[in-house]
Amino acid sequence: MAKPSNLVIVESPSKAKTIGKYLGPDYTVKASMGHLRDLPKSTMGVDLENNFEPQYVPVPGKENLIQELRDAAAAVDTIYLATDPDREGEAISWHLKELLELPDEKTHRVTFNAITQKVVTEAISHPRDIDYSLVDAQQARRILDRIVGYQLSPLLWKKVRRGLSAGRVQSVATRLVVDRENEIRAFQPREYWSLDVKLDRIAKAGSFLARYHGESKKRELENEEQVQQIIDDITGKEFTVTNVKKGEKKRTAAPPFTTSTLQQEASRKLNMTPKRAMSIAQQLYEGVDVAGEGTLGLITYMRTDSLRLSDEAMTEAADFIKNRYGNDYYYGSFHVFKTKSNAQDAHEAIRPTHVELDPERIRSSLTTDQYRLYKLIWSRFLASQMANAVYDTVLIETECSGHLFRSSHQSMRFAGFIAVYEEGKDDEEEAVGTPLPDLQAGEKATVSEIKKEQHFTQPPARYTEATLVKAMEEKGVGRPSTYASIVSTIQDREYVSKVDKRLSPTPLGEVVTGLMMERFNDIIDVEFTANMENRLDEVEEGKRKWKDVLADFYQDFHQEMLDAEAALEGVRLKVPDEVTDEICELCGRNMVVKTGRFGKFLACPGWPECNNTKPIVERMPGRCPKCGSGMLKRKSKRGYAYYACEQGAACGFMTWDVPTAEDCPKCGQTMFKKSGRGRMKPFCINENCPNFLPEDQRGYYKKKTEETQPESEEKAESGSTEKITEKTPEKKPAARKKTAKTTTKTKKTTTKTTKKTTAKKKGE
């Protein structure tokens with residue numbers, strides 16, 4: 001059999017597997033496993049005195065892979081660099097070309113907006129050269145982040161706390177959270193009142209509710225005196241129906257997903273972090289083994305700010321809607337959505353590659369998270385091409401003593417797109433009102449009940465991960481490829497904490513943000529950061545030189561660094577301790593949260609007089625099946641979560657399963673569920689109960705060999721722009737121990753094979 005004459009290099013093994021199926025035996029497809037060349041980790045890696053010349057080095061630990069790719073490239077006639085279709089993907093292709101010393105005449109660049117037979121074969125037959133404007137834009141971003149991170153972080157070590165890091169974009173995201181917290185603290189609630197009346201019809205049976213609206217104009221009731229005056233005016237008097245307005249309201253479907261809206265909706269509806277959502281989306285894009293179909297890329301490229309859809313996709317959607325739901329449910333023509341003016345619009349919106357593969361049809365081939373996210377994407381795309389939802393609306397105005405009251409109601413006449421999908425909301429929607437009787441203008445009614453209620457205006461809500469992503473997009477902070485990593489980074493670095501799904505700044509985050517605002521106002525300024533993103537876009541478009549952008553930035557930044565070091569000479573900023581409600585049993589003080597080498601713990605602030613410390617524990621629902629006491633969540637020395645009786649050693653009960661608030665209907669003991677992500681079905685662990693579920697049937701994996709995944713998201717901060725992927729949740733140690741042995745065995749085999757190969761080469 002003839003050797004393949006073409007080599008295709010992608011980032012990940014799963015992507016390689018999918019593409020290899022489409023290209024046939026004349027193509028070898030190999031994975032680079034993300035970046036193979038980058039700035040060194042131990043030093044700046046950028047020559048600031050020599051026009052910002054970067055000093056790239058091979059990524060440590062990838063020497064064997066680099067040699068393997070070199071050998072594969074030397075053995076073929078044509079090489080296709082098929083990394084992701086964005087700035088970072090372009091930069092990875094360029095690094096591959098430089099590192100592997102690939103000749104121009106045999107090296108081509110191809111991109112896939114979707115990994116399907118048609119898209120892949122078309123891309124291979126229409127290759128192009130590397131787009132150096134894209135590469136330059138990525139280099140500029142990478143070096144900007146490196147300069148900020150490697151020069152600011154040491155300053156934070158000296159002035160705040162060792163081990164801290166600062167990033168160009170993460171600092172702005174943290175500031176957004178800090179600013180919102182300051183708004184909440186400064187908020188002054190304002191009093192207002194509502195006044196509702198229940199009106200009984202005089203001529204016919206029936207009643208309805210109405211709310212005070214105003215007099216000739218809408219009026220807000222500011223205090224109880226104003227409310228009482230209106231009550232005095234209407235008591236004992238008749239109301240007259242002055243206007244009955246019936247109408248129709250139409251709701252249009254939301255557009256298909258962009259990266260930002262996908263992360264927001266996955267957070268709202270699926271409780272997925274942006275990082276997790278992008279990790280799952282990467283899997284769906286690169287390819288999944290579908291029963292009866294083989295390996296398929298199920299969605300288009302998931303890093304996009306465009307709302308554009310191909311005519312082919314909209315035609316397929318139209319046919320599917322008409323066949324499944326009927327002609328009335330189709331929009332009637334291609335539903336085209338306008339992309340924002342500042343969007344790059346490089347790719348289509350996120351959509352399924354095969355609309356006929358509805359989620360239920362392929363559910364058995366997907367993991368739980370893959371199914372949930374694919375269903376979200378599929379439903380949103382299909383709904384975007386469906387007819388409007390139609391509602392019948394009624395507005396009734398009644399009047400008494402010059403005071404106007406209103407009643408409203410809406411009812412769905414035609415579901416339209418809502419039959420498939422309805423967009424989630426961050427805020428509560430207006431109530432649709434209770435059904436109203438068929439009233440006519442001129443009808444009379446009397447008051448049977450009056451209800452007045454005091455209210456106070458509420459401060460702005462803290463950001464959720466979804467609303468923070470939305471705010472970053474609206475303000476131009478970051479780009480689609482960076483939103484998830486930014487939100488994850490500011491939490492990992494403990495600048496922001498998440499409680500009840502809401503983000504609030506930690507004392508550390510506020511101290512660091514305060515320092516940045518005082519000494520590096522440009523770096524942490526939202527508008528400045530947005531303008532920097534625009535400059536990087538101009539580099540991508542070939543309108544600016546990337547080193548000029550760096551020079552303009554560094555001139556002011558360097559001076560700010562010098563001024564900050566001089567102003568903070570001998571200064572050490574103290575981070576306030578986080579005070580808890582836990583009382584020290586030795587001295588009675590409120591204990592505070594401290595951070596040690598093994599993580600956070602509670603400590604008495606009275607040290608050294610009182611040196612009491614204890615671990616932070618989380619109280620869980622349910623009762624201990626052994627003694628009936630409460631259950632606590634704890635962590636082992638290796639960081640594994642487990643659940644134990646609050647009596648500790650006196651009882652001795654512990655488990656890796658998660659206690660729930662449900663009781664077994666048979667024996668009454670607390671039900672447990674499998675640890676990990678997703679909605680797990682509770683089970684009973686009482687061996688004497690008919691509902692008892694043995695441990696080997698609880699869904700834990702005894703052994704799982706995981707294919708190494710490519711890194712999937714651009715790091716937006718100092719350190720690296722390598723792509724990263726959220727790790728799969730760790731299983732209980734019993735299962736992990738077995739996997740560890742397997743890994744060790746594999747390493748030994750690999751080492752043995754490498755030695756044999758080396759010996760063979762020496763022999764040659």
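In what order do the six strands close into a barrel? The order is E9-E10-E15-E14-E11-E16, and the pairing is antiparallel. The model shown here is predicted.

Strand E10 covers residues 207-214 and strand E15 covers residues 403-414; three bridges join the two, which run antiparallel. Within this pair, Tyr212 stands opposite Phe405 in E15.

Another group of strands forms an open sheet. Here four strands are arranged in the order E2-E1-E7-E8, and their pairing is parallel. The edges are taken by strand E2 (27-31) and strand E8 (107-109); each has a single partner strand, so one side of each is left without a neighbour in the sheet. The twist in this sheet averages 25° from one strand to the next.

Strand E1, residues 6-10, is joined to E2 by five bridges, and the two strands run parallel. Val10 stands opposite Ala31 in E2. Helix H1, made of residues 13-23, packs on the sheet and touches both E1 and E2. The direction of H1 makes about 170° with that of E2.

Helices can also pack on each other. Two packed helices are described by the angle between their axes and the distance between the axes. For helix H12 (residues 465-475) and helix H13 (residues 483-492), the axes come within 10 Å and cross at roughly 125°. Angles over 145 degrees would count as roughly antiparallel and those from 65 to 115 as roughly perpendicular; H12 and H13 are therefore oblique to each other. The crossing of H12 past H13 is right-handed.

Which residues make this contact? On H12 they are Glu465, Leu468, Val469, Met472 and Glu473, and on H13 they are Tyr483, Ile486, Val487, Ile490 and Gln491. Sorted by class, the contact of H12 with H13 has seven nonpolar residues, one polar residue and two charged residues.

Aromatic rings give a further kind of pairing, and the structure holds 14 aromatic pairs. One of them is formed by Tyr285 and Tyr301, whose ring centres are 5.2 Å apart. Their planes stand at 70°, and planes over 60 degrees apart count as edge-to-face, so the pair is edge-to-face. Tyr285 lies in helix H9 (residues 274-286), while Tyr301 lies in the loop between strand E13 (294-296) and helix H10 (311-325). The pair therefore ties together parts that are 16 residues apart in sequence.

Conventions
Residues numbered from 1 in each chain as written. Predicted model: local features only at pLDDT ≥ 70, side-chain atom pairs only at ≥ 80, totals over all residues. Heavy atoms only, no water. Axes fitted to C-alpha atoms, helices over the stretch in contact; angles between N-to-C directions. Parallel < 35°, antiparallel > 145°, perpendicular 65-115°, else oblique. Left-handed = near helix turned anticlockwise from the far one by under 90°. Contact = heavy atoms within 4.5 Å. Nonpolar A, V, L, I, M, F, W, Y, C, P; charged D, E, K, R; others polar. Pairing = 2+ DSSP bridges. Phe/Tyr/Trp six-rings, centres within 6.5 Å; stacked < 30°, edge-to-face > 60°.
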